[in-house]
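Please open the structure in your viewer and keep the selection panel at hand.

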Amino acid sequence: MFVFLLTDIFFYIIIFSIGLYIFYVRKTKDILETWKHVFRSRTGIISIVVLSFFLLIAILDSIHIKEKIYNEQTESFSYESEIKSVLDIILLPTYKNYEKSYSSPFSSNLYSKETIILENNIERRVYPKLLYKGNHNKYASDNTANILLTFIISLLKYFFVFSIFYLFFYFRIIFKSKNNIFIPFKLNKVFLMTLSIIVILSIFLYELSLQYYVLGTDKVGVDVLYKSIKSIRTGILIGTLTTIVMLPFAIFLGIFAGYIGGFVDDVIQYIYTTLNSIPSVLLIASAILMLQVYMANNPLNFENIYERADLRLFFLCMILGLTSWTGLCRLLRGESMKLREVEYVQASKTFGLNRFSIIVRHIMPNIMHIVIITIVLDFSALVLAEAVLSYVNIGVDPTTYSWGNMINAARLEMSKEPIVWWSLFSAFTFMFILVLFANLFSDVVRDAFDPRSNKNYE
Amino acid sequence: MINYIFKRILYAIPILIGVNLLTFTLFFVVNSPDEVARLHLGNKRVTQEQIQSWNEQRGYNFPLFFNQSETGLNVIKKTIFYEKSVKLFYFDFGISDSGRDIKYDIKQRMWPSLAIALPSLLVGLMINITFALFFVFFRATKVDYIGVIFCVALMSISSLFYIIGGQYLISKLLQLVPISGYAQGVDAIKFLILPVFISVIYGIGSGTRWYRSLFLEEIEKDYVKTAKSKGLSEVSVLFNHVFKNALIPILTGVVVILPLLFLGSLIVESFFGIPGLGSYTIDAIQSQDFAIVRAMVFLGTILYIFGLILTDISYTLVDPRVRLK
């Protein structure tokens, strides 16, 4: 049975709006030209492929189901209380078993010694062997050789998949039109390369994590790699959902203030100046603190902890959105004020077009570039902010998988002797990759869309 | 000029009232004082008397807006709104939920915050501008390209990583400076070096890129072309023309955050155990001491508005074309 969490629904809406936007762009020639500028740049293509991959993981992780179980005693079907995502089901073989405690990456035993009683009643302090992974080499007994062989096998698997796809394209092209059969290779070298690297890496990591804890295990023995992958959804949700909450406020209030002016302008300006004057961390902190009190005193009836954690994530995005629309609103106000005086807007006014139509037809399309630049710029900042907020205990629910929570837990681990570094390392690596490509992408987008950007020097 | 400043200060009053009303709504209307008290006392098995006495100790035992049981002016004065919100306007921050005088604490903790924030700002400014000038000098070459990529990479690392990594590398492995703590007077230096260093490193990525784009904007202007066609060397154009004119946006960008330096940096201070206003706020958030959070919101707003006024004034000082009316 499918389960729709609150954030899931909003995430589908986001995906749907991205789809709508792509549809719109394909029909609109001048915007398509601008986007082609993004696709022509090497950085642009690489970051789009990487970000789409992250997005795909987040989508897979947002389709939740409850499994049906057959109860033999009552002879009826019932649903499990545990909610799983499609991603969980794909990754199930890699994470279903928990170890006892910490173990370092690729190791075959636990990280700390334990007393074990041998057969002849002698107590000995040893590193206990891991139960589920680390001692189950598939291809060779030596670890390095095994990893190498695994890599070769995942390469072979990749080529197998790739050749099927290639054949598919090949036949399609042969039968549909009399094109050159090598066209698929001409698609785009950078695009193919990036895609191949990502696919090979993910197959390799999957194969590896069937045999090892690639990034070790955490305090309760959960695979850290699994945790980091699960955190992708949280990061992406915070980056995108917040913008969805923020956009209506920023766009409508900004356009009304700029285009209508007068008293409306004064009121809207007052609202955003007031909100903007409060240092944002303090504003977010106070809002979330109050939410926490509210949730503690009014224990709403949630079916399970998933929904509770989900609601908190949703409220976090709401609050971040409500506190961050002011900057965009001010930009849009200025731009629509400028547009109000432009000749074609004046002309349509003389032709008797009403305000609403002017805003939809002339103002909206001409401020969209600012909106897009802001969305992609804000995304990386929000992903980073999540970690900081979780550190201050005003971020996501402690049970939610998130990089912020991992880093928070890692602070204690770092002071252990010898230190447990892999949790911190993997949280940062994943976060770094996502934020880096988001930043590179936003650079390219800004260059393409911003008429003021220094194109000559990029 | 004086008129203008006076006008700006007058304009700040409605904003402050707005902020005040907003925090009041957040902290007292969304959740009643009783609910907050219940949270502090531990949710279950709390008697009404306990809540009463908790509220009484902290002065939350009044009605929100009108006190019907009093007479005269006290109808308005003996209310939460007057006691907790209006009094902020006379900088009377009251006592925190744990019973300490907030105003005293703020005065004490302001200076350690400033001791970190000011050096970080100044050193960071110098380093960022140097890098930016360097990249602009080599603009549209490999050096510039790699430099920008490097800046983007630096920007993409979470601030927490710089702090945790820096503490581990410099304090734990190399043992150059103590991991955390603070001392009065000159001894403070050894505690301040690492946080300042980390703040500077953290700011390099975004700072350098920002200044670089400011310089590049300037370099396209006509007066630069004129200077070049006069035969001036690239270096002298860069320093005498581009740098000087780009200083205007740089300076105003710095002035606006000057007052906010008192608030300190939340994360850095709490990681390094520096008794500044940043760690004060974090502690208050973590222990849910709402009186402090309220006071800090108000203080932060005042400082921000003050920064904006200073920015306008500094515009007139550095750019003779700007006249304030």
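Begin by selecting Asp443(A), which counts as buried because its relative accessibility is 13%; buried means under 20% relative accessible area, exposed over 50%, and partly exposed in between (1.4 Å probe, protein chains only). This is a predicted model, in which local features need pLDDT of at least 70 and side-chain atom pairs count only at pLDDT 80 or more, while totals for chains, interfaces and linings use all residues. Residues are numbered from 1 along each chain as its sequence is written, chains are lettered from A and ligands numbered from 1 in the order in which they are written, and side-chain values use heavy atoms, with hydrogens and water left out.

The term denotes a side-chain nitrogen of Lys or Arg within 4 Å of a carboxyl oxygen of Asp or Glu. Both residues lie in helix H15 (residues 422-449) of chain A, 3 residues apart, about one turn of the helix. Helices (H or I, at least four residues) and strands (E, at least two) are DSSP runs, numbered from the N terminus. Arg446(A), at 24% relative accessibility, is partly exposed.

Next, select Glu33(A) and Lys36(A), whose side chains form a salt bridge of 4.0 Å, N to O. They belong to helix H2 (residues 29-40) of chain A and are 3 residues apart, about one turn of the helix. Glu33(A) is partly exposed at 43%, and Lys36(A) is partly exposed at 39% relative accessibility.

Then display Asp61(A), Asp88(A) and Lys230(A), which a network of salt bridges links. How many salt bridges does the structure hold over all chains? There are 17.

**The sheet of chain A**

Switch to a cartoon view and find the open sheet of 3 strands in chain A, ordered E1-E2-E3 with antiparallel pairing. Its edge strands, each pairing on one side only, are E1 (2-3) and E3 (76-85). Two strands pair if DSSP finds at least two bridges between them. E1(A) is joined to strand E2 (residues 64-71) by 2 bridges; Phe2(A) has Ile65(A) in E2(A) as its bridge partner. E2(A) and E3(A) are paired over 7 bridges, and here Tyr70(A) has Phe77(A) in E3(A) as its partner. The hairpin of these two strands has 4 residues between them, and Glu75(A) takes a positive phi near 55° there.

**On to chain B**

Select Arg139(B) and Glu234(B), which form a salt bridge with their closest N and O atoms 3.0 Å apart. The pair links distant parts of the chain, 95 residues apart: Arg139(B) is in the loop between H6 and helix H7 (142-155), and Glu234(B) is in helix H11 (residues 234-257). Is Arg139(B) buried or exposed? Arg139(B) is buried, with a relative accessible area of 15%, whereas Glu234(B) is partly exposed at 27%.

Move to Ile106(B) in helix H6 (residues 102-137) of chain B. Ile106(B) is buried, with a relative accessible area of 6%. Leaving aside neighbours within four places in sequence, its contacts (heavy atoms within 4.5 Å) include Phe93(B), Leu277(B) and Met296(B). Phe262(B) is 156 residues from Ile106(B) in sequence, yet their C-alpha atoms are 9.6 Å apart in space.

Finally, select Leu21(B) in helix H1 (residues 2-29) of chain B. Leu21(B) is partly exposed at 41% relative accessibility.
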